[in-house]
Amino acid sequence: MREYSKFYIGGKWTDPAAAQTFDVVNPATEEIAGRVARGSAADVDLAVAAARQAFPAWAATPVVDRLAVLRAIGAEYDRRRGDLAAALTEEMGAPAALAGGFQVDLGAGHLATVLEVLENYSFEQPRGATLIVKEPIGVCGLITPWNWPLNQIAVKVFPALAAGCAVVLKPSEQSPFSGQIFAEILDAAGVPAGVFNLVQGDGPSVGAPLSAHPGVDLISFTGSTRAGIEIARSAAPTVKRVTQELGGKSPNIVLDDARLAANVGSAVATLMNNSGQTCSALSRMLVPRTRMDDAVAAARDAASQLSVGDPTGDVALGPVVSGAQFDKIQALIQKGIDEGATLVTGGTGRPEGLTKGYYVKPTVFANVTNDMTIAREEIFGPVLTILGYDDLDQAVEIANDTEYGLAANVAGADLDQARAVARRISAGWVTVNDAFDFRAPFGGYRKSGNGREWGQDGFEEYLETKAILGYAAE
């Protein structure tokens, strides 16, 4: 049983203002895995005050010294990889191989990218007689989700610190263990007091007062569109900068070529990774209508090979994060059946042999139309919907027919054709054949959010632009 009773504020582990805790449930066992202190507005006030006090000195710290601190964080992060992976498996059910591999690797990758950006970034640029200066925005409130905890903490905290900002982090209450270890890492690395602060708690008790706080200059939030709207409302009276990475219902256009079956199979495995709990998951697969049977066979094949079970063992899929998430997914699977989609594999209920834990069957629907609920709503589980298209114009039309616009993919052997289709998709992160790049800006259109993370674009979200006119002699 884990017990985390203190917050990290002003460079010290401090008791919360009130003796409140919340339980963290292991989704694989449905048993309590730990208790964590629950913060309040009073704790947010203390953390913001510590960050405000630390900000001027940290903002003035030479780049070479900020680089040294970030490298020290990297060394501690590598030392604690095993602890981070174990926490992820326990708190949100990530299979051991995924937790100790890609989940932890993402955090390290974002740090390496930020180091590269900071080493080469020019904070001052002459433009005629005017000097353009980039300065850290100030104190940043960072609110992160439970599904890829280290990725989302790293992609916010590292560029904020690199830019010269001070931060207050609120991890998700459903995955707080990894956030607590992350704070231990920064403490051990010698981050100056007050530059990084951690307050645990839920949205109403910590997220809302952090978003509304007049001492916070920027809020960066990743989570549901519903919660993002409330955060924007809370932040509006203080006119702070708000960046958000929200929901998605992302399309994957599979082109008509000899690789169709292979592309469908790999897409199924990618979507089901992390039990489908990925905001950019390619959950709407578009295939040529004339090749629907081929796509269905390949998808059924790929899904049937995915093992589901105890995440501490050698399995492809663990549980989803909570009972509430399990119930939501089950209801949407039933909705797909009720609305007439073809259930290819999976369905409602737990996989065979699993009587406890929030395990979901890898599920594939075919012959889905874009007006069905399972094609419109973000399911956030291991559920794939396959839609047919008659030609590429229709494929693009269907792909763009969504209130979201976070991600998309085009899969095909003809690169020129794939690139042309990718240009027509209305989304912020469009990949060709599942390409990956830490330097590429990540973020969405429409209800998928605003602002960008990853690489230089993510770093620059934490900077203000100052123009000093008449700086240079004419």
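How many Å separate the centres of domain 1 and domain 2, taken over C-alpha atoms? In this predicted model, the answer is 31 Å. The protein chain is divided so that domain 1 takes in 2-246 + 448-469, while domain 2 covers 251-432.

The two domains touch each other, and this meeting place can be described step by step. On one side, 25 residues of domain 1 take part, and they are in contact with 28 residues of domain 2. The size of an interface is often given as the accessible area lost when the parts come together. Here, the area buried between domain 1 and domain 2 is about 2,100 Å², and carbon and sulfur atoms give 57% of that area. Within domain 1, the residues that lose the most area to domain 2 are Glu30, Trp146 and Ser448; together they account for 25% of what that side buries.

Charged and polar partners also meet across the boundary. Two salt bridges are found across the interface of domain 1 and domain 2. There is a salt bridge between Glu31 and Lys356, with 3.6 Å between the closest N and O atoms. The interface of domain 1 and domain 2 also holds ten residue pairs in polar contact. On the side of domain 1 that touches domain 2, helix H3 (81-92) and helix H4 (96-120) are the elements that give two or more residues. The residues of that side of domain 1 comprise twelve nonpolar, eight polar and five charged.

Ser250 counts as buried because its relative accessible area is 2%, under the 20% cut-off. Its side chain reaches the backbone oxygen of Ala407 at 3.1 Å. Leaving aside neighbours within four places in sequence, the residues in contact with Ser250 include Cys279, Arg284, Leu406 and Ala408.

Backbone angles give two further points of interest. Most residues other than glycine have a negative phi. What is the phi of Glu30 near? It is near 65°, a positive value in a residue other than glycine. Glu30 sits in the loop between strand E4 (21-26) and strand E5 (31-37), and at 31% relative accessibility it counts as partly exposed. Asn367 is not a glycine either, yet it has a positive phi of about 55°. This residue lies in strand E16 (residues 363-368). With a relative accessibility of 41%, Asn367 counts as partly exposed.

Notes
Residues are numbered from 1 along each chain as its sequence is written. This is a predicted model: local features need pLDDT of at least 70, side-chain atom pairs count only at pLDDT 80 or more; totals for chains, interfaces and linings use all residues. Side-chain values use heavy atoms; hydrogens and water are left out. Domain bounds come from an automatic or database domain assignment. Contact means heavy atoms within 4.5 Å. Buried area is the accessible area (1.4 Å probe) that two parts lose on being put together, summed over both. A salt bridge is a side-chain nitrogen of Lys or Arg within 4 Å of a carboxyl oxygen of Asp or Glu. A polar contact is a pair of N or O atoms within 3.5 Å; within protein, one must be able to donate a hydrogen and the other to accept it, and residues adjacent in sequence count only if both atoms are side-chain atoms. Helices (H or I, at least four residues) and strands (E, at least two) are DSSP runs, numbered from the N terminus. Ala, Val, Leu, Ile, Met, Phe, Trp, Tyr, Cys and Pro count as nonpolar, Asp, Glu, Lys and Arg as charged, and the others, Gly among them, as polar. Buried means under 20% relative accessible area, exposed over 50%, partly exposed in between (1.4 Å probe, protein chains only).
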